[in-house]
Amino acid sequence: MGDVLTVNPVVPAEGENGEALPYQPRRMVLNMGPQHPSTHGVLRLKLELDGETVLKAEPDIGYLHTGIEKEFESKTWQQAVTLTDRIDYLSNLANNFCYALAVERLLGIEIPPMAQWMRVMLVELSRLNSHLVWLGTHSLDIGAMSTFLYCMREREEILKIFEMFSGQRMMTSYIRIGGLALEPPRGWHARISKFIRTFPSKVDEYEDLLTNNRIWIGRTRGVGVMTVEDMLELGVTGPMLRAGGLKYDNRKENPHSSYEVFDFEIPTQTASDVYARYQVRVEEMRQSARIVSQALAGMPGGAWKADAPHVVLPDRDKMKTEMEALIYHFKIVTEGFRVPEGEVYQIVESPRGELGYYIVSDGTSKPYRVFVHGPSFGNLQATNCMVQGTMLADVIASIGSMDFVLGDSDR
Amino acid sequence: MLPESLQSYEDAASLAAALPLSIVTGKHAFGELTLEIESDQIVSALRHGKTTGKYMRLSSITAVDRYPAEPRFEVVYHLHSISRNVRLRLKSRLSGTNPEIDSATAVYLSANWYEREVFDLFGINFRNHPDLRRIMMPEDWEGHPLRKDYPKTGQRV
């Protein structure tokens, strides 16, 4: 499990004359991570234990700090999209999406309906991707190995869809400022339809394995409980908050990019334990599949990038026949475009919770400051509140239910 | 002083009434309300937002380095009210020499890590913070990487 750092001397249970002494906690500090498999990346926990009871858990983050926010300041606005992929590597499209929305607000450009719908569809597929990885690894931590294999099977299909769209399985950079990176590939509709038609039955398969599984219930019900008040105070967002009964989802509350036209439910639970978080996320997968189906059925036609020649690269044939297009192409490629001075804080609902991009522009062709508020950062702060007083083995289940990505919190 | 154009915003008006000397200026742009607060009043302003404005959540704290302008740093607080579904941005400007501001942990517990991050990456000191140490960089790191005068590449000499 890790290295034992310090052990206090054993306190004798009996005094010199054989009388029973009051129980004294035997405090032990245990290091867990940063290379521990169930910390999903490089989270380090400093656990203070009394026997198997956790007295205090102190998360130590920063092992995956790569200076992405500094890097933003030396890239042009459009180049910086590639950095957003690398922040939360399980929901890259949500990060592309949030960054693009923020810069588009500063630029004041309108995105055509087809691109908006396509974005929503891909972001929901990326939510499925993220939840599948979460469900697979979380159940693997608790001991249900077959779910992992089932989840990876569907995830592979989603990654192939991403590859079809962008040429990349994970670092897609497909949502760009001003629309999409490329025209949607030939045959995308049939490919996604085929996947989404069978997906709800696959979710049933996962539920068959877990929902009524006695071991699963025993390991998750009543574990890692937090009240909504504590979660709000500690900065927890997303499915964890909804598992506590607070019905708040930015897709519904602050609709952006045509989310208002889609019909979907926000699942909630009230138990606020690991099992409730599992129920919420599984139901979210079904709702995301519903959104994708609606997007497939009603996908509007038309342009896939905005009519903003100073921001969006011109079509290839136009560039070779029209002088204005050639000039814009040259300007965009050599120095990028300028974004008017100002600041925005754009929020989207990432699979993990509230994802925010605070972007400050000084009117040049590079961002002045980009701050990424990753949901994992806020969620991880609540670790101690969630595991204090529980058993050491429940720490694994509790931190697994947070669904953090260290790239998202460390940046 | 609160600009005349912001009097119609409930949060701005209520803060201006409760703490008249705290507001330096403000603006409403891109659909977001920003109020600039005197740096010594920031905790009172946050507390007012939490109690009167029902801003139960602190969404984030970050900073912007305006080097070489003076006052150099802006500390930015994003508040979020779930019940009213509104957001508010508060800002304080700090000088480049010995930047210091009161910690918001007395009002919002979640400020803890955000302030540690700002301390680590910008070198801004938060008074009365319960556990102010580096969070991203190694503990023995020198310098504060997100400052504008901190180079992106190069050898340490």
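Before we start, a word on domains: their bounds here come from an automatic or database domain assignment. Keep in mind, too, that what you're looking at is a predicted model.

With that in hand, start with chain A, which splits into domain 1 (4-60) and domain 2 (68-410). Their C-alpha centres sit 38 Å apart. The two parts do touch, with 15 residues from domain 1 of chain A and 18 residues from domain 2 of chain A taking part in the contact. On the domain 1 side, strand S3 (44-50) and strand S4 (53-60) of chain A each put in at least two residues. S4(A) gives the most to that side, with six residues. Sort the domain 1 side by class and you get seven nonpolar, five polar and three charged residues.

Now step back and take in chain A as a whole. You'll find 17 helices and nine strands in it. Its radius of gyration is 24 Å, close to the 22 Å that the globule rule gives for 411 residues, so chain A is as compact as a globular protein of that length. Along the principal axes, its C-alpha atoms fill a box of roughly 100 × 45 × 30 Å. Of the 411 residues in chain A, 48% count as buried. As for how the chain folds back on itself, take the contacts in chain A with a separation of 6 or more: 69% of them link residues 24 or more positions apart.

Next, bring in the other chain. Where the two chains meet, 27 residues of chain B are in contact with 28 residues of chain A. Chain B's side of this meeting draws at least two residues from each of strand S3 (57-65), strand S4 (73-81), strand S5 (86-94) and helix H3 (111-122). The largest share of that side, six residues, comes from S3(B). By class, the chain B side has 15 nonpolar, seven polar and five charged residues.

What about the inside? The largest nonpolar core has 147 residues, and those with the most contacts inside it include A:Phe97, A:Ala102, B:Leu90 and B:Val118. Helix H4 (residues 113-142) of chain A supplies the largest share of this core, 14 residues. Both domain 1 (4-60) and domain 2 (68-410) of chain A give residues to this core, so it lies between them.

Most residues other than glycine have a negative phi, and most peptide bonds are trans. You can find A:Ser173 in the loop between helix H5 (145-166) and strand S5 (175-176) of chain A. Is A:Ser173 buried or exposed? A:Ser173 is buried, because 21 other C-beta atoms lie within 10 Å, and 20 or more is what it takes. B:Phe30 also has a positive phi, near 55°, and is found in the loop between strand S1 (23-29) and strand S2 (32-37) of chain B. With 15 C-beta neighbours inside 10 Å, B:Phe30 counts as partly exposed.

Finally, look at the loop between S3 and S4 of chain B, where B:Pro68 is found. The peptide bond from B:Tyr67 to B:Pro68 is cis, with omega near 0°. B:Pro71 is found in the loop between S3 and S4 of chain B too, and a cis peptide bond joins B:Glu70 to B:Pro71, with omega about 0°.

Notes:
Residues are numbered from 1 along each chain as its sequence is written. Chains are lettered from A and ligands numbered from 1 in the order in which they are written. This is a predicted model: local features need pLDDT of at least 70, side-chain atom pairs count only at pLDDT 80 or more; totals for chains, interfaces and linings use all residues. Two residues are in contact if their C-beta atoms, placed from the backbone, lie within 7 Å. Helices (H or I, at least four residues) and strands (E, at least two) are DSSP runs, numbered from the N terminus. Ala, Val, Leu, Ile, Met, Phe, Trp, Tyr, Cys and Pro count as nonpolar, Asp, Glu, Lys and Arg as charged, and the others, Gly among them, as polar. A nonpolar core is a set of buried Ala, Val, Leu, Ile, Met, Phe, Trp, Tyr and Cys residues joined through C-beta atoms within 7 Å. A residue is buried if 20 or more other C-beta atoms lie within 10 Å of its own, exposed if 12 or fewer, and partly exposed in between; C-beta atoms are placed from the backbone. The radius of gyration is taken over C-alpha atoms; the globule rule is 2.2 Å times the number of residues to the power 0.38.
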